[in-house]
Amino acid sequence: MSAILGLGIAGAYDAQRLRACVEAGFEPRALFGSSAALAREAGCPHAGACASFEDLLARADVDVVALAAPHERQAAQALAAGKHVLCERPGALSAEDCAALVRAAHRHGRTAAFACARLRAGGFTSLARQYLEAGRLGALYRVEAVVHGRPQGLDPAPDASGLFEDFGYELLDQVLDLLGWPRVRTLCAHQAPEPPGRPRHLSLFARAGRGIALSFEFASGGLLRPRHSINFLGDRGGLLIDHAEGGRGFSFFEEAPGRRAKLLETKAVFKLEPCGSILEAFREHLAEGRPHPGTTPEQMLELARWRERAAEALQSDREVLCV
Amino acid sequence: MNLERPGIALIGCGQIAANCHLPGIQASPFALRAVCDAERERVERFKREQNLDASVAVCTSLDEILKLDGVQAVSIATPPASHAPLSIRALDAGKHVLCEKPSTLSASENRAVCAAVARNPGLTIQFFSSRFRDGAAPAARRFVREGRLGVPYKADIQFWLPAARTCDRGGPPWFGQKAHAGGGPFMDMGQYFLDRLFFILGWPRWRRLSAQTFSGFPTGNPPGVVYDVEDHMSLLAHFDGGLALTLETTARVNQHYRWSTTVAGSAGTLILDNAAPRRAVFRALKDGVPVEEDLEAPESAPDMQARLERLALRLKGERPELGTDHEQALYITEFCEAAYRSAAEGRELRAPEEAA
């Protein structure tokens, strides 16, 4: 495969996002859903508009298809046409859709990625991964992730119909990836009643594999103090990632004699990578064999299951058994 | 009965008796008539160390107290396993009761206490689960009642103590034993937080809850000393009216100290932090921008003294609000029991009326 990857874009992109594709090393060559004038504005003179999605797929110079909006049928079509697929925010993709995409990606030997992994790229997350992988926390028993207000660096999703679509997928992706995508045994959920003007607040509480109690709080528009923190508690140490402005940064606590937790270090190395880094990582994965930048179709399937189980728990007014 | 200087007996001569009950009694309208513990030597040492008046009787059982004249109330500061039997016997003997928390070890014991209250009209019982109701809690309750929060939809309790528990620091081992203490930090400190939250919100009814506990830190106890309470409790509970509660209680955690209660409503949020117990923060929109306002509570008497002052007014026929009453204590115990059961069974539990 050539180092320069031809990109076909389906859906409404703006000039800024097109430029990000170029900066990531892609060469936009075909557009469906955006005008050629936009491409010229973004400095992509070779990108021509297609009359249909099928026309876009027929282009031999298109190696990768970027989908601006989630579209299970288009993603499957693109994989079947031998294209790699990068899917922006996954919106309301169902677990069934995701499972079909997992199968399609395997069947056609192509790579699909979902752009839910933006929070994985932060320096704190990488640092946390080092501590977790080195076993410095011992046995994990509790992980708590709280976001009050949209996390820094994440734009509002224009089509966000719920908190999952807004920033929930990203937070789940960040935490579940650090934990190695544990299996979930039970999930219960609470959502604040939502008449007009009420804040949106979703609480999830799960019993995950390895005895971990796992909870997520997503709140937007409420009157809680802004927060974006993740706590990992283990029997040998604890980690706190605190992204909020004025927060504590990154802290590691180690079990110490006398049973008083000892704060070992705090590092302020947080830098949320911009969206472009996922595009770039995806290109490097395809062109240079670097690791998949995430989120994989299998992981997207797991995220979609979380969303569906949460919806089921809310609708049925009971805890959902997941195994 | 001497209504200006009613008599009280203190049962239990441990740390909480010395640090809380006795100073409160001494600052209150009540006269200390007796101190009591199962071991005479322990009571005599307590009396000596606390410089108690010679007239204070030394007792080794409730029976001995009941033989004394001029005792209108008993203050129970013993391990939780004895709370229910002592409370019931004292009520049946015509005494008002003040009792440490947790109120009992089980809801069935609480129901027996409720029955004792019912057959002894005119007597009162109050548990010290209400210790956090002082400070800013009344102001917070007023804000809720006035509708300043709008509709409360989310509450959060955080008690994280990155330190040794009493029993690890050479304190009594019963503190870490379920049979004697009823549970760990959730049963101990959690009761204060639950009581305060329910007090602020007007005792909302829980519908269902899901909980998980962790026990696994080494205790440092000598071999053979049982430590079988939880180190960490996490739960999500659903209440009537669309309210949810998330709760964490732990006295062994590799993390920062946390000691707070938050109540979010559709029109504002209340934040109570025990680092500043007389202050609550109210966060609401002003001209479209979130603004925080401090609710400062006036200086008040320490909990034990305040409770006794109110009990003294009760004896005179007035109706001041007392501490956690028998029905509230039953409700808290039912909630705690359900949380422990949910954690043990690894599934959600519904409140009895919901399940029915």
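Begin with chain B, where the centres of domain 1 and domain 2, taken over C-alpha atoms, are separated by 26 Å. This is a predicted model, in which local features need pLDDT of at least 70 and side-chain atom pairs count only at pLDDT 80 or more, while totals for chains, interfaces and linings use all residues. Residues are numbered from 1 along each chain as its sequence is written, and chains are lettered from A and ligands numbered from 1 in the order in which they are written.

**The two domains of chain B**

Select 7-130 + 302-324 of chain B for domain 1 and 132-299 + 333-355 for domain 2; these bounds come from an automatic or database domain assignment. Between them, 16 residues of domain 1 of chain B and 14 residues of domain 2 of chain B take part in the contact, two residues being in contact if their C-beta atoms, placed from the backbone, lie within 7 Å. On the domain 1 side, α5 (107-118) and α9 (303-315) of chain B each supply at least two residues. Helices (H or I, at least four residues) and strands (E, at least two) are DSSP runs, numbered from the N terminus. That side of domain 1 of chain B divides into seven nonpolar, seven polar and two charged residues. Here Ala, Val, Leu, Ile, Met, Phe, Trp, Tyr, Cys and Pro count as nonpolar, Asp, Glu, Lys and Arg as charged, and the others, Gly among them, as polar.

**The sheet of chain B**

Next, display the strands β14-β13-β12-β11-β7-β10-β9-β8-β15 of chain B, nine strands that form an open sheet in that order with mixed pairing. Two strands pair if DSSP finds at least two bridges between them. At the edges are β14 and β15 (349-350) of chain B, each of which pairs on one side only. Within the sheet, select residues 258-265 (β11) and 269-273 (β12) of chain B, which pair in the antiparallel sense over five bridges. There, Val263(B) has Leu270(B) in β12(B) as its bridge partner.

**Backbone features**

Centre on Asp287(B), in the loop between β13 (279-286) and β14 (289-296) of chain B. Asp287(B) is not a glycine, yet has a positive phi of about 55 degrees. Is Asp287(B) buried or exposed? Asp287(B) counts as exposed because it has 5 C-beta neighbours inside 10 Å; the classes are buried at 20 or more other C-beta atoms within 10 Å of a residue's own, exposed at 12 or fewer, and partly exposed in between, with C-beta atoms placed from the backbone.

In chain A, Trp181(A) lies in the loop between α7 (163-178) and β8. Phi of Trp181(A) is near 55 degrees, a positive value in a residue other than glycine. Trp181(A) has 16 C-beta neighbours inside 10 Å and therefore counts as partly exposed.

Two cis peptide bonds may be visited next. One joins Lys101(B) and Pro102(B), with omega about -10 degrees; Pro102(B) lies in the loop between β5 (96-99) and α5 of chain B. Another joins Gly294(A) and Thr295(A), with omega about 0 degrees.

**Between the chains**

Finally, show the contact that takes 35 residues from chain A and 35 residues from chain B. On the chain A side, β9(A) gives the most, with four residues.
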